[in-house]
Amino acid sequence: MPEIQLGAHTFQSHGVQVAKIHMHDWLILFLLVIIDIVLNVIEPFHRFVGKGMMEDLMYPFKGNTVPFWAVPIIAVLLPLLVFLIYYFIRKDVYDFHQATLGLLFSVLITSVITDAIKDGVGRPRPDFFWRCFPNGTWVYNNVTGLVMCTGLKSDIKEGHKSFPSGHTSWSFAGLGFLAWYLSGKIRVFDRRGHVAKLCLVLTPILLAALVAVSRVDDYWHHWQDVFAGGLLGMVISSFCYLQFFPPPYHADGWGPHAYFHMLEATRNGLPTTTNVNALSVRPTEMESVSVQSHNGPDRSRLGHFNSMPNQDGMRE
């Protein structure tokens with residue numbers, strides 16, 4: 001289907017309008033942040049760890065190859081940089097806003113689910129022994145055989161948060177969303193056999209996978225924790241992307257739903273400030289948008305429409 005631009009939609013011209021339409025979504029994001037903070041403050045479930053179980057939890061207690069502060073950079077700031085670059089190329093605040101909103105929802109929903117499961121499961125990390133007994137001296141309850149930890153309370157608390165892997169789930173949530181975004185923008189499913197496009201799309205997934213591998217190498221997680229975290233992040237990012245964008249293989253997969261809602265509202269003579277969630281959507285959204293002949297009487301009503309070049313450099 002043809003790609004159509006209604007002039008330039010910048011932060012100055014449409015930014016406030018788009019943000020107001022999704023004000024409730026931003027409020028939900030703020031609520032998710034508060035919930036996640038609470039989940040990190042409360043004490044997780046301390047699963048029973050006995051003397052016989054400790055033999056599998058005696059891996060070295062070491063630092064993180066990917067530190068905690070680097071995860072937001074990888075999972076959030078890196079995708080945002082890509083969105084910003086595309087904004088300066090296309091001048092489409094609808095795309096930037098929806099991509100940013102979808103990314104934040106993907107990461108925060110994943111974070112809340114991950115931390116909630118961590119607190120509920122309380123699985124000990126592979127390095128739990130050295131967190132529990134930093135001096136190497138074993139102390140157990142003579143009756144129950146339960147370990148009597150002598151280490152730092154903060155280390156022990158983190159030692160009960162192995163499942164699932166937070167680094168992994170957050171990385172796959174952010175970079176998985178970026179992979180979806182890139183696949184739509186470069187039309188990886190255009191059936192022209194450009195494998196180079198697929199390699200570009202898989203690059204964020206590879207980066208997320210390397211983060212996941214580092215968690216096992218650092219003995220902070222079991223392989224099951226990493227697998228579950230990666231699966232959780234990819235599933236949530238997929239749902240969040242499809243909430244704001246058509247599937248990448250769709251004819252309109254290059255743009256957000258909000259952009260096509262705006263086109264339809266303009267064509268029907270509705271104010272573009274109308275809440276886009278209230279507009280009806282046809283199966284193929286661009287089918288409802290038509291461009292008249294260059295000499296037609298309706299072209300002036302539609303404003304300055306600029307068609308995007310197709311894959312062969314021709315105007316569609």
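Entry 1, the end of H4. I looked up what comes after helix H4 in this predicted model, and I found that H4 is followed by Gly122, whose phi is positive, near 65°. Helix H4 itself runs over residues 93-121, and its 29 residues reach 42 Å from the first C-alpha to the last, close to the 42 Å expected at 1.5 Å a residue. I then asked how many of the 29 residues of H4 are buried. The count is 22, and I note H4 as mostly covered.

I turned to H3, residues 70-90, where 21 residues reach 29 Å between the first and last C-alpha, close to the 30 Å expected at 1.5 Å a residue. I checked where H3 bends and noted an angle of about 30° at Leu77, with a proline, Pro79, following within four residues. Pro79 is also one of the buried residues of H3, a list that includes Ile74, Val76, Phe83, Tyr86, Tyr87 and Arg90. Just after H3, I found Lys91 with a positive phi of about 55°.

I located Leu232 in helix H9, which covers residues 223-244. Is Leu232 buried or exposed? Its relative accessibility is 17%, and because buried means under 20%, Leu232 counts as buried. Leaving aside residues up to four places away in sequence, I found that Leu232 touches Thr110, Ile113 and Thr114. I also looked up Thr168, which is 64 residues from Leu232 in sequence, while the two lie 9.1 Å apart in space, C-alpha to C-alpha.

Conventions:
Residues numbered from 1 in each chain as written. Predicted model: local features only at pLDDT ≥ 70, side-chain atom pairs only at ≥ 80, totals over all residues. Heavy atoms only, no water. Helix = DSSP H or I, 4+ residues; strand = E, 2+ residues; numbered from the N terminus. Buried < 20%, exposed > 50% of the residue type's maximum accessible area, 1.4 Å probe, protein only. Contact = heavy atoms within 4.5 Å. Expected span 1.5 Å × (residues − 1). Bend = angle between axes of the 7 residues up to and from the residue.
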